Amino acid sequence: MPAGDTDCLFCRIVDGDVPADVVRESERTLAFRDINPQAPVHVLVVSREHHASAGELAAADPHTAAEVLREAAAVAGAEGADAGYRIVFNTGAAAGQSVPHVHAHVLGGRSLGWPPG
Ligand code: AMP
């Protein structure tokens, strides 16, 4: 499904209807800073097309799924998270997914505990 779903916040960001602090763009992805950062580096990488979750994206379009991961690593490098970073795909309400449009959280710039909460 292409972006343009007016009910989907991240589709609206992709379409430029909602402002975002964009840090990186690729043909199939957009990366922008999380509005409520949980670490010094906290960037979201989304597919331009609407897919509800990482698993659904990978099943429907593995090429774009790989691009999301590649862009997430590029963001971490560009943001200077050289000491280590985490890529998180919350999936489903119990895991804390609040926006049903696939997004990789790229977190870094501080020590990250394990296991996550
Ligand atoms: P999740 O809870 O895993 O679905 O992640 C959604 C993320 O989107 C949260 O970390 C929010 O802080 C972030 N978020 C919500 N609205 C915006 C926005 N307008 N711009 C940037 N990030 C946002």
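**Fold and ligand site of the predicted model**

The protein's secondary structure comprises 3 helices and 5 strands (DSSP runs, numbered from the N terminus: helices are H or I with at least four residues, strands are E with at least two). Along the sequence, the elements follow the order α-β-β-β-α-α-β-β. The radius of gyration is 13 Å, close to the 13 Å that the globule rule gives for 117 residues, so the protein is as compact as a globular protein of that length. That radius is taken over C-alpha atoms, and the rule is 2.2 Å times the number of residues to the power 0.38. Along the principal axes, the C-alpha atoms fill a box of roughly 35 × 30 × 25 Å.

The model is predicted: local features need pLDDT of at least 70 and side-chain atom pairs count only at pLDDT 80 or more, while totals for chains, interfaces and linings use all residues. Residues are numbered from 1 along each chain as its sequence is written, and side-chain values use heavy atoms, with hydrogens and water left out.

The ligand sits in the largest pocket. A pocket is defined on a 1 Å grid over the protein atoms alone, as an open set of points with protein on both sides within 12 Å along at least five of seven lines. A molecule sits in a pocket if more than half of its atoms lie within 2 Å of its grid points. Helix H1 (9–14), strand S2 (29–33) and strand S5 (103–108) are the elements that give two or more residues to the shell around the ligand. H1 gives the most, with 3 residues.

In total, 16 residues surround the ligand (a heavy atom within 4 Å). The closest are Asp34, Asn90, Gly96, Ser98 and His105. By class, the shell holds 7 nonpolar, 7 polar and 2 charged residues. Here Ala, Val, Leu, Ile, Met, Phe, Trp, Tyr, Cys and Pro count as nonpolar, Asp, Glu, Lys and Arg as charged, and the others, Gly among them, as polar.

A backbone N or O atom of Gly96 lies 2.7 Å from a ligand oxygen. For a polar backbone atom of Ser98, the distance to a ligand oxygen is 2.7 Å. For Val99, the corresponding distance is 3.1 Å. Taken alone, the ligand exposes 500 Å², and the protein buries 83% of that (Shrake-Rupley method, 1.4 Å probe).

A cis peptide bond joins Trp114 and Pro115, with omega about 0 degrees. Pro115 is found in the segment after S5. Most peptide bonds are trans.

How values were computed: Polar contact = N/O pair within 3.5 Å; in protein donor to acceptor, adjacent residues only side chain to side chain. 1 Å grid on protein atoms, 1.4 Å probe; cavity = no way out; pocket = protein on both sides within 12 Å on 5 of 7 lines; lining within 4 Å.
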